[in-house]
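Dear colleague,

Please find below the structure that I am handing over to you. My notes on what was found in it follow directly after.

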Amino acid sequence: MGIVAGLDSSSAFTHIVVCDTDTGEVLRQGYAAHPIEAKASEVDPQAWLLSLGEAASGGLLEGVQAIGVSAQQHGLVPLDHQGNLVRPALLGNDRRAQAAAADLIDGLGGRQPWAEAVGAVPQASQPVAKLRWMVRSEPENAQRVAAVLQPHDWLVWQLLGRPARRTTDRGAASGTGYWSAGSGSYRPDLVELALGRQAALPEVLGPADAAGMTPEGLLISAGTGETMAAAFGLGVAVGDAVVSLGASGSVMAVHHEALADPTGMITSFADATGMHLPVVHTSNAVRALRGTAEMLGVDGLDELSALALKSTPGASGLVLLPYLEGERTPQLPHTAGTLSGLRRESMKPEHLARAAFEGMLCSLSDALDVLRGRGVEVRRVFLLGAAAELPAVQALAPSVFGTQVVVPQPAEYAALGAARQAAWALGVSQGTLDPRTPPAWRDAAAQVLEPGDELAVGRAVRQQYGATRDQIHPGAFGGTT
């Protein structure tokens, strides 16, 4: 038996899990908040190291042989020729680069060339757009940029003592906007399009590769982005999709190839195992539930859930299109939500509550269908987020999604995924594991929900929703759903 650790440096905290290499059993844990505001859009990366040191205090890493690092995605850490920070790191939630992203789209000739080049159309969050923003807004800083890293790359580099070699992995690289998951290579021309010249980029490691050894003999694995680490920690595989219920929503699935989507609805990420993670985002998910709760004057989502379950499937004909802040899937950035089907008998609080849950889940099912329409297999859906525990979500989701739904128990899945990667790299270095096959850890503890006899009911709910969507927004999906 060996011992490995996984470190997740999110936007707000550092969480470390120490695990048994053979089973993945969590032996001990450490946690520390970042000494910065969680909503900050730029930060001195030293804050991440301070948090890391606090989380690892008290001998937490004693006996650990290898460590993996996951971190928040889409951050840009710009370095000068000496490896010093040019400016504070720009984080993924920084929206200032929206105009820069639009410039880049035009500069390459539209959305389709970008989708074909790197599997994604530039967004403000991506490093490629942040580089263009620096050129436009901070030209002196942009001139000093000699190398660019993301948060996980920078942390690995720091743990290794800032060696000449800087590394990343496929998962993190696939979110930059200048690395292609399809070809497995950088597009230096896109860096030049954004920055006006070339910059040094980190070497992209394979899933089971090691980034190096610390002077103390601790093996550091390749690391990855938080999304990829969480998928690896959950143990998702081909046939699995992950639906994340936050204020906004996302649907991702494991697939055997990268998907180029000229509409831009699919972002083609690489995962932490050598496969691919196509992702579809929605602008609205739980925010539709919260808005409905406020509208009805009920006390929180638990009460809204209980109210919804007093209604019947189809909410007495009431349909909520939950596009409250525009929508990404379908691409309706300037639209508003719609409440349809109002009749005297449907104008009751329980029907509106039910329509909110059905609308949110149907919208996410639309996103699932975007992936299915491109040949992505979906046999079961992992449902993540605090709202996944709501009784109304659990009652409706299997029939609306039309498949088995798995609700994992809350855990630090990104940190677990980073630890599993560390165990893989350690095993490969010792000759006990195949670089093509990750360690078989225990499945996440979860509640499994089956659609059972409710499949026909779910189809009827989706048909009612789809008819309303197509009437109000004809051609929104271009025939993909």
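In this predicted model, helices α12 and α13 pack at an angle of about 40°, and their axes lie 10 Å apart. The crossing in which α12 passes α13 is right-handed. On the α12 side, the residues that take part are Arg-354, Phe-357, Glu-358, Met-360, Leu-361, Cys-362, Leu-364, Ser-365, Leu-368 and Arg-372; on the α13 side, they meet Ala-392, Val-393, Leu-396, Ala-397, Val-400 and Phe-401.

Helix α12 covers residues 349–372, and at 1.5 Å a residue its 24 residues should span 34 Å; the C-alpha atoms at its ends are 34 Å apart, so expectation and model agree. Of these 24 residues, 21 are buried, and α12 is thus mostly covered. Helix α13 (391–401) is likewise mostly covered, with nine of its 11 residues buried. Those buried residues are Ala-392, Val-393, Gln-394, Leu-396, Ala-397, Pro-398, Ser-399, Val-400 and Phe-401. Just after α13 comes Gly-402, which has a positive phi of about 70°.

The next element is helix α15, residues 455–472. Its 18 residues should span 26 Å at 1.5 Å a residue, and the distance between its end C-alpha atoms, 26 Å, agrees with this. Which residues of α15 are buried? They are Gly-458, Val-461, Arg-462, Tyr-465, Gly-466, Thr-468 and Arg-469. Seen down the axis of α15, the buried residues fall within an arc of 165°, and therefore they line one face of the helix. As background, an α-helix has 3.6 residues a turn, so residues three or four places apart point the same way. The face of α15 turned away from the buried side carries the exposed residues Gln-463 and Gln-471. As for what covers the buried residues of α15, the elements include β20 (319–321), β21 (338–340), α12 and α13.

Gly-314 relates to two of these helices. Its place is in the loop between α11 (300–308) and β20. Gly-314 counts as buried because its relative accessibility is 7%, and buried means under 20%. Leaving aside residues up to four places away in sequence, Gly-314 touches Glu-358, Val-461 and Gln-464. One of these, Glu-358, also belongs to the α12 residues that meet α13, while Val-461 is one of the buried residues of α15. Gly-314 and Gly-359 are 45 residues apart along the chain, with 10.0 Å between their C-alpha atoms.

Gly-475, by contrast, is found in the segment after α15. Is Gly-475 buried or exposed? It counts as exposed, because its relative accessibility is 64% and the cut-off for exposed is over 50%. From C-alpha to C-alpha, Gly-475 and Ala-388 are 31 Å apart in space, and they are 87 residues apart in sequence.

Several backbone features deserve a check on your side. Most residues other than glycine have a negative phi, and most peptide bonds are trans. The exceptions noted here include the following:

- The peptide bond from Thr-329 to Pro-330 is cis, with omega near 5°. Pro-330 is found in the loop between β20 and β21.
- His-74 is not a glycine, yet has a positive phi of about 75°. His-74 has its place in the loop between β5 (66–71) and β6 (77–79), and with a relative accessible area of 16% it is buried.
- Arg-162, also not a glycine, has a positive phi of about 55°. Arg-162 lies in the loop between α6 (151–159) and β9 (167–169), and at 35% relative accessibility it counts as partly exposed.

Glu-116 is found in helix α3, residues 111–118, and is exposed, with a relative accessible area of 55%. Glu-116 and Trp-179 are 63 residues apart in sequence and 12 Å apart in space, C-alpha to C-alpha.

With kind regards

Notes
Residues numbered from 1 in each chain as written. Predicted model: local features only at pLDDT ≥ 70, side-chain atom pairs only at ≥ 80, totals over all residues. Heavy atoms only, no water. Helix = DSSP H or I, 4+ residues; strand = E, 2+ residues; numbered from the N terminus. Expected span 1.5 Å × (residues − 1). Buried < 20%, exposed > 50% of the residue type's maximum accessible area, 1.4 Å probe, protein only. Arc of directions from axis to C-beta. Contact = heavy atoms within 4.5 Å. Axes fitted to C-alpha atoms, helices over the stretch in contact; angles between N-to-C directions. Left-handed = near helix turned anticlockwise from the far one by under 90°.
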